[in-house]
Structures are given as structure tokens and as C-alpha cells.
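Visitor: Hi! I have the model open on my screen. Could you walk me through a few spots in it?
Guide: Happy to, let's have a look together.

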Amino acid sequence: MNSTQNRLALPLLFLAVPYACLAVRPARAQQDGSQATPALSSKPASPKQPPAAKTLSETEELQQAIDRAGNDRASLVRNLEEFLKDYPESRQRPQIYRAIVEASLQLRDSPRATDYAERIVALTPEDMSMTLLAIQLLERNGDEAALRRALNYSTRVLDFVDNSSAGEKSPKVSKEQWELEQKRDKVNILVLRGRLAFKLHDNAAAEKDFRASMALSPSAAAGEKLGEIAELNKDLPGAIREYARAFALADASTSAAAANRREIRQKLGNVWRLAHGSDQGLGDYILHSYDDAVASSEAPKPRRNAGAKEPYDFTLRKAQDGSPYPLAEQKGKIVVVNFWATWCGPCREMEPHFERVAAQFQGIADVIFLSADCDEDESLVPTYLQEEKPRTTVVFADGLDTLLTVNSFPTVVILDRTGKIAYRAEGFDPDDVEAELANAVRHALAAQK
């Protein structure tokens with residue numbers, strides 16, 4: 001569902017097809033091996049005719065249209081549209097349409113980008129990323145007909161999400177991660193469809209989608225719209241409740257998010273004064289709403305390894321693909337675990353030190369190094385792994401941090417061959433952490449040989 005605006009520096013380069021090379025055949029020799037000679041004629045030679053112009057194939061004409069444009073996107077759009085006039089049923093239409101969409105977006109030509117995005121959706125309705133782009137462009141256009149088409153497309157995307165099954169997921173993605181992404185997609189599509197219905201003044205349909213979204217995962221976007229609908233319905237207590245919840249859920253980490261939160265606060269203050277005549281009591285109400293929002297977001301989740309009483313009773317999960325990592329298979333070895341979280345700055349600084357110590361013991365089968373992630377939101381981990389590219393085995397802590405009473409990050413624990421803690425360090429000194437940790441590993445190896 002990402003935008004395609006900047007995917008290709010040179011659009012349609014992937015359509016280039018090399019010209020076919022024609023083999024030059026030698027003159028056929030006679031049976032006796034002598035070279036054939038042209039037959040003599042008493043008639044005067046006729047003047048040479050100019051060679052007939054070569055007829056280009058469809059692929060060659062398309063390549064010429066791309067080549068003539070060079071890096072000029074406006075020329076590329078014109079050339080491709082001229083090509084489509086000559087070949088309206090070209091099999092390359094989806095790729096050509098996509099190139100026109102990308103170039104038009106970069107040229108800030110939204111009407112043309114919208115037109116060709118919808119053509120792609122008509123040809124390949126299963127292309128959900130392009131369908132979403134078409135919805136965004138139609139919503140930006142804003143007229144009623146465009147909004148109704150966008151609403152229909154959003155229903156199509158929602159049906160696609162609802163009908164997806166875990167059997168279709170990539171083997172690199174765990175079932176838990178896939179389910180989390182499906183839930184996030186459904187929440188976003190419900191908010192999008194609700195927003196479109198709201199713009200079309202179908203407040204009942206909009207409210208239904210916003211409430212379905214909030215039931216899956218409460219968000220400031222859906223809460224704010226529910227507040228607006230309640231305000232339009234003259235339901236001031238309902239508007240106050242929804243605006244207050246939206247304010248509690250709103251993010252203020254960026255300037256745009258902070259501006260949105262201020263806007264929600266203004267709406268909340270306005271309806272509060274309409275209902276109560278002043279701002280008295282509003283502060284306490286906001287704090288109460290915030291506490292409720294935090295409590296609902298911290299609803300108890302099923303605990304992994306709930307019955308485990310010893311480290312080797314734990315089955316962790318590899319962060320890269322969610323596959324099981326039973327610690328029982330490491331029993332009898334020295335296990336070195338670095339507990340970390342994506343939001344922890346010192347953890348990022350610790351990782352290269354941890355990796356260099358692990359490299360010192362590479363090839364020693366009796367020592368295992370693990371990096372155990374302790375994030376509550378596991379969706380943050382894939383991006384972290386792509387950025388940092390750790391070389392040690394990365395697993396989710398899955399309750400091991402609780403068993404070992406890990407309360408700060410980074411914390412490094414060395415488990416001896418029986419699973420008892422042989423070494424523990426909370427935080428680190430960059431000047432001596434590698435020497436200290438390496439010595440602790442050697443001591444654990446020697447202690448129980």
C-alpha cells in the first residue's frame with residue numbers, strides 16, 4: 001500500500017526489449033565447393049531501387065517512444081499516449097498506464113494520474129496498492145462522483161483484506177505478524193471508507209465504519225470523526241466523550257500530529273462550553289479519559305511460556321521469521337543473552353560490542369549468543385532489523401526477561417550449562433564492556449568443564 005511516486009528514476013526502463021539480431025547467412029556454395037557465380041545477362045542492368053522502409057514491431061515502437069523522451073517525464077507521457085492511440089489493446093497497457101501514473105504524479109498532474117490509476121484498477125482489480133492510490137487521488141478531487149467511485153474501491157479493498165488467509169502469507173512472516181498487519185490494514189480501510197461516507201453525508205454508514213475501526217483498535221482519527229458526527233446530531237455528551245477519547249489517543253510526536261491534537265482540543269473545548277457554559281471540570285474529564293484510554297490499550301495479552309519455571313523450559317521465536325527456538329536444545333551450553341528494545345538508544349550502541357564478543361567465540365559449539373527483543377509492539381522489530389542488520393541470532397524474549405527480572409536495557413545475562421545465572425550486567429561502559437563480557441564467557445566455559 002505504498003505510494004509509487006518515486007519508485008523508478010527512469011519510468012518504463014523495464015519495458016526495454018533488445019532488438020533481435022539478424023543472422024547474416026553466407027552465400028550457398030556449390031556441390032563441388034567452388035563459389036557460385038551470378039549468371040551473365042545481355043540485358044542492361046536496371047537501376048537500383050531504394051530499400052523499403054523497415055516496419056517496426058510494437059515492442060520496437062514502444063522502446064522508441066521511451067528513448068525519445070529521455071529523462072523528460074512530460075515527453076514520456078505524451079509519447080506513451082501517442083503509442084496507445086496506435087496500439088489501444090497493447091498487452092503492455094498495465095505497465096504503460098503505471099508509468100504514466102508515476103510520471104503524472106511527479107508532474108503534479110493529479111487528473112491524469114487519477115485517470116490512468118483507474119484504468120489500471122479496471123484491468124487488474126487485484127492490484128490493491130494501485131486501488132488505494134486511486135482512492136486517495138479520487139478523494140483529493142472531491143466531487144461527488146469521484147467520492148462514490150472511491151467508496152466502491154474502498155469496499156473492494158476491505159473485502160480483499162477480509163478474504164485473505166494466512167496460507168497466502170510469505171513464509172518469512174510469522175502468523176502473529178501477519179495477523180497484526182491484517183488487523184492494521186482493516187482498521188485503516190474502515191477509517192478511510194468511513195471518511196468517504198462522511199464526505200458524502202452518509203453519516204450512519206460513516207459512524208458504523210468508525211465504530212468498527214475503534215472496536216478493532218482505538219484511534220484518534222476514528223474518535224475525532226465520531227465526535228463530529230455526534231456534534232452534528234446535537235449529541236453534546238456523545239461529542240465530548242468521543243473528542244476526549246480522540247485527544248487522549250492522539251500522537252504529538254511530529255509537528256503535523258501536534259497540530260491535529262490541538263485541533264481536537266479546540267473541538268472538545270467548544271462542545272464542553274456549549275454543554276457546561278465554561279471550561280470548569282474539563283481538565284479532570286480529559287485526565288479521566290486519558291486513564292481509560294491507557295487502561296484499554298494495556299488489556300492483558302496471552303502470556304507466552306506461562307508455565308515455564310526455568311530458562312531451558314522456554315521456547316522463544318526467531319524475530320526474522322517467527323520460527324520456534326527451543327532453549328531446551330541449548331541445555332548444557334553457555335547461553336549469552338543481550339536483552340534490548342527498539343526504543344532504547346543505548347541498546348543500539350551496545351549491539352556492535354555484543355557482536356564483536358560473539359565473533360571471538362565463533363566456532364565454539366558450547367557458546368550461544370542471542371539478542372532478545374523485549375518490545376511490547378513487535379511490529380517495530382522488522383524495521384529495526386533492516387536498519388541495524390544484527391549478526392547475532394535475534395529472538396523475541398517471550399517472557400524470559402520476566403523470569404530473569406530484566407527491568408532495564410540493555411541487560412546482558414550469561415546462563416551456565418544448568419541454566420543458572422553466571423553473569424549479569426545492566427547497562428555498559430563502552431571502554432571495557434567487550435573485555436569484561438569476553439572474560440565472563442571464558443570463566444563460564446572453564447567453570448564446568
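**A chat about the model**

Guide: Let's start with arginine 391, which is exposed at a relative accessible area of 68% (exposed means over 50%, buried under 20% and partly exposed in between, using a 1.4 Å probe and protein chains only).

Visitor: Before we go on, what kind of model is this?
Guide: This is a predicted model, in which local features need pLDDT of at least 70 and side-chain atom pairs count only at pLDDT 80 or more, while totals for chains, interfaces and linings use all residues. Residues are numbered from 1 along each chain as its sequence is written, and side-chain values use heavy atoms, with hydrogens and water left out.

Visitor: Thanks! Where is arginine 391 found?
Guide: Arginine 391 lies in the loop between α14 (381–388) and β5 (393–396). Helices (H or I, at least four residues) and strands (E, at least two) are DSSP runs, numbered from the N terminus. The C-alpha atom of arginine 391 is 9.6 Å from that of arginine 356, 35 residues apart along the chain.

Visitor: Switching to cysteines: how many disulfides does the structure hold?
Guide: One (a disulfide being a pair of cysteine sulfur atoms within 2.5 Å). Cysteine 344 is joined to cysteine 347, with S to S at 2.4 Å. Their link is right-handed, with 85° about the S-S bond.

Visitor: Are those two buried or exposed?
Guide: Cysteine 344 is buried, at 4% relative accessible area, and cysteine 347 is buried too, at 2%.

Visitor: New topic, helices. How do α10 and α11 cross?
Guide: The axes of α10 (residues 236–249) and α11 (residues 255–276) come within 9 Å and cross at roughly 155°. That makes α10 roughly antiparallel to α11 (the cut-off is over 145 degrees).

Visitor: Which residues meet there?
Guide: Among them are Leu236, Ile240, Tyr243 and Phe247 in α10, and Ile264, Leu268, Val271 and Trp272 in α11 (contact means heavy atoms within 4.5 Å).

Notes: Axes are lines fitted to C-alpha atoms, for helices over the stretch in contact, and angles run from 0 to 180 degrees between N-to-C directions. Angles under 35 degrees count as roughly parallel, over 145 as roughly antiparallel, 65 to 115 as roughly perpendicular and the rest as oblique.
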